Amino acid sequence: MVIIAPSLLSADFSCLAREIKSIETGGAHWLHLDIMDGHFVPNITFGSSVIKALRPHSKLFFDTHLMIENPDQYVEDFVKAGCDLITIHVEAVNHLHRSIQNIKSFGIKVGVSLNPATPLTHLDYILEEIDLVLIMSVNPGFGGQEFIPTVLPKINKLRQMVEERGLKTYIQVDGGINSQTAPLVVKAGANVLVAGSAIFGMENRQKAITLLKESIK
């Protein structure tokens, strides 16, 4: 099954609880939470306090993507807020294995993200330790960017790595995902799709999610 994870970054921030309910009843599997600090990426979104406030309003799997510097010092806050998975960037930490073990120590799932130009070799010695790899198909920092097609061979190579090692690691793709690009990334090997404006940009969220699901059948 391919998991659909709408990105809250594209939602109407004036009514987040209602926005989340619309995608939950519309057939989404996960909720993708983009945390940006204005340093690692050129934008600021929200923090753990917002997630804590939203947690009682949804039973969705909270998939949290930390696009921040020094993520280790904030992990506990996000765990306490109710996150089910925390993904950190290879480019944002000095000691990746230590950071992964820190997240795992709280009993939640852990992911590692790579920017479009970051090679898969960073995963060589930690792939067995993680639950998810997030391949960015845009440069992180803003929603609504166009998909970078050169990441497709990268996704395919990662799928080969996962299967050769006999792992069940999720392969997530984030950036420019819609009904045109979704079939391409799924064919390449992805099984978790983050979509922002393609879902929250449509008034009928159930129709938007169904359209995305139908495109990858």
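Analyst: With a relative accessibility of 10%, Thr181 counts as buried, because the cut-off for buried is under 20%. Please keep in mind that this is a predicted model.

User: Where does Thr181 sit?

Analyst: Thr181 is placed in the loop between β7 and α6.

User: And what does the side chain of Thr181 reach?

Analyst: The Thr181 side chain reaches the backbone oxygen of Gly176, at 2.8 Å. Leaving out residues up to four places away in sequence, Thr181 touches Phe147 and Gly176.

User: Phe147, then. What does Leu152 touch?

Analyst: Leu152 touches Phe147 too, along with Leu184, Val185 and Ala188, again not counting residues up to four places away in sequence. Leu152 belongs to helix α5.

User: Let us stay with α5. How many residues does it have, and how far does it reach?

Analyst: Helix α5 has 13 residues and spans 18 Å from its first C-alpha to its last, close to the 18 Å expected at 1.5 Å a residue.

User: Which residues of α5 are buried?

Analyst: They are Leu152, Lys154, Ile155, Leu158, Arg159, Met161 and Val162. The elements covering them include β5, β6, β7 (170–174) and α6 (182–188).

User: What follows α5?

Analyst: Gly166 follows α5, and its phi is positive, near 70°. Arg165 is in the loop between α5 and β7.

User: Is Arg165 buried or partly exposed?

Analyst: Arg165 counts as partly exposed, because its relative accessibility is 32%. Beyond its neighbours within four places in sequence, Arg165 is in contact with Leu123, Asp124, Leu127 and Glu128. The C-alpha atoms of Arg165 and Glu128 are separated by 8.2 Å, although the two residues are 37 residues apart along the chain.

User: Coming back to Leu123, what does it touch?

Analyst: Leu123 touches Val112, Leu114, Ile130, Val133, Leu158, Met161 and Arg165, with residues up to four places away in sequence left out.

User: Which strands are joined to β5?

Analyst: Strand β4 (residues 85–89) is joined to β5 by five bridges, and the two run parallel. The bridge partner of Ile88 in β5 is Val112. Between β4 and β5 the chain crosses through helix α4 (residues 96–104), and this β-α-β crossover is right-handed. Strand β6 (residues 132–136) is joined to β5 by four bridges, also in a parallel arrangement. Ser113 stands opposite Leu134 in β6.

User: What about Ser113 itself: buried or exposed?

Analyst: Ser113, which lies in strand β5, counts as buried, because its relative accessibility is 0%. Its side chain and that of His89 are joined by a polar contact of 3.4 Å. Not counting residues up to four places away in sequence, Ser113 touches His65, Thr87, Ile88, His89, Val90, Glu91, Leu134 and Met136.

User: Now to the start of the chain. Which way do the residues of strand β1 point?

Analyst: In strand β1 (residues 3–6), Ile3 and Ala5 point one way and Ile4 and Pro6 the other way, and all are buried. In a regular strand, side chains alternate between the two faces of the sheet. Strand β1 pairs with strand β8 (residues 192–195) in the parallel sense over four bridges. The bridge partner of Ala5 in β8 is Val194.

User: Finally, what is the phi of Asn70?

Analyst: The phi of Asn70 is near 50°, a positive value in a residue other than glycine. Most residues other than glycine have a negative phi. Asn70 lies in the loop between β3 (61–67) and α3 (75–81), and it counts as partly exposed at 47% relative accessibility.

Technical notes:
Residues numbered from 1 in each chain as written. Predicted model: local features only at pLDDT ≥ 70, side-chain atom pairs only at ≥ 80, totals over all residues. Heavy atoms only, no water. Pairing = 2+ DSSP bridges. Right-handed = clockwise from strand over helix to strand, strands pointing away. Contact = heavy atoms within 4.5 Å. Buried < 20%, exposed > 50% of the residue type's maximum accessible area, 1.4 Å probe, protein only. Polar contact = N/O pair within 3.5 Å; in protein donor to acceptor, adjacent residues only side chain to side chain. Expected span 1.5 Å × (residues − 1).
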